[in-house]
Amino acid sequence: MSSRETVINLVTRLPEDMPLAEIAREIELLAGIKTAREQARRREGIPAEDARKLVKHESATRRVRRSSPATPRKRQARRSMRSLMAWYDSIRGTTDWEPPRMPDDLVRRVSL
């Protein structure tokens, strides 16, 4: 896969409301990973233990940065779902209604 295709694939997987600076940061990270893999194939670069520490630190900082506040649309959807589930929980098991069934004289038994 070419570098262009790799970047296009990455950008299509990112959220649409992601800031341009974050997109650039993702591309930089992808380029760094590609460079590190090439260096590892040539037996160059940093020791494995140092690389693990860097990856661990990077993943911890990325989780914090990516947590963005919910958009108003998401908040409204969550609120609607909560109220719908509260209503559903309040009426569950309180009715004796059963789905209509076909009369037995109109149904022929079938054995499979």
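In the predicted model, the side chains of Glu49 and Arg52 form a salt bridge with an N to O distance of 3.7 Å, a salt bridge being a side-chain nitrogen of Lys or Arg within 4 Å of a carboxyl oxygen of Asp or Glu. The structure holds one such salt bridge. Because they are three residues apart in helix α3, Glu49 and Arg52 are separated by about one helical turn. Glu49 has a relative accessibility of 46% and therefore counts as partly exposed, whereas Arg52 is exposed, with a relative accessible area of 54%. In these terms, buried means under 20% relative accessible area, exposed over 50%, and partly exposed in between (1.4 Å probe, protein chains only).

This is a predicted model, in which local features need pLDDT of at least 70 and side-chain atom pairs count only at pLDDT 80 or more, while totals for chains, interfaces and linings use all residues. Residues are numbered from 1 along each chain as its sequence is written, and side-chain values use heavy atoms, with hydrogens and water left out. The mean pLDDT (the predictor's confidence in each residue, from 0 to 100) of the protein chain is 80, and 88% of its residues reach 70 or more. Confidence is lowest in helix α3 (residues 48–66), at a mean of 70, and highest in helix α1 (residues 3–13), at 88. Where pLDDT is low, the predicted coordinates should not be read in detail.

The protein chain has four helices and zero strands, and from the N terminus on its elements run α-α-α-α. Helices (H or I, at least four residues) and strands (E, at least two) are DSSP runs, numbered from the N terminus. The expected span is 1.5 Å times one less than the number of residues. Just after α2, Arg43 takes a positive phi of about 60°. Helix α4 has 20 residues and reaches 29 Å from its first C-alpha to its last, close to the expected 28 Å. Gly93, which follows α4, also has a positive phi, near 80°.

Of the 112 residues of the protein chain, 5% count as buried. The accessible surface comes to about 10,900 Å², of which 57% belongs to carbon and sulfur atoms; accessible areas come from the Shrake-Rupley method with a 1.4 Å probe, and for residues only the protein chains shown count as cover. Met81, Leu84, Met85, Trp87, Tyr88 and Ile91 make a nonpolar surface patch of about 590 Å². Patches are made of residues with over 30% relative accessible area and no salt bridge, like charges being joined within 9 Å and nonpolar side chains (Val, Leu, Ile, Met, Phe, Trp, Tyr) within 5 Å. Leu84 lies in helix α4 (residues 72–91) and, at 45% relative accessibility, counts as partly exposed. Ile8, in helix α1, is likewise partly exposed, at 42%.
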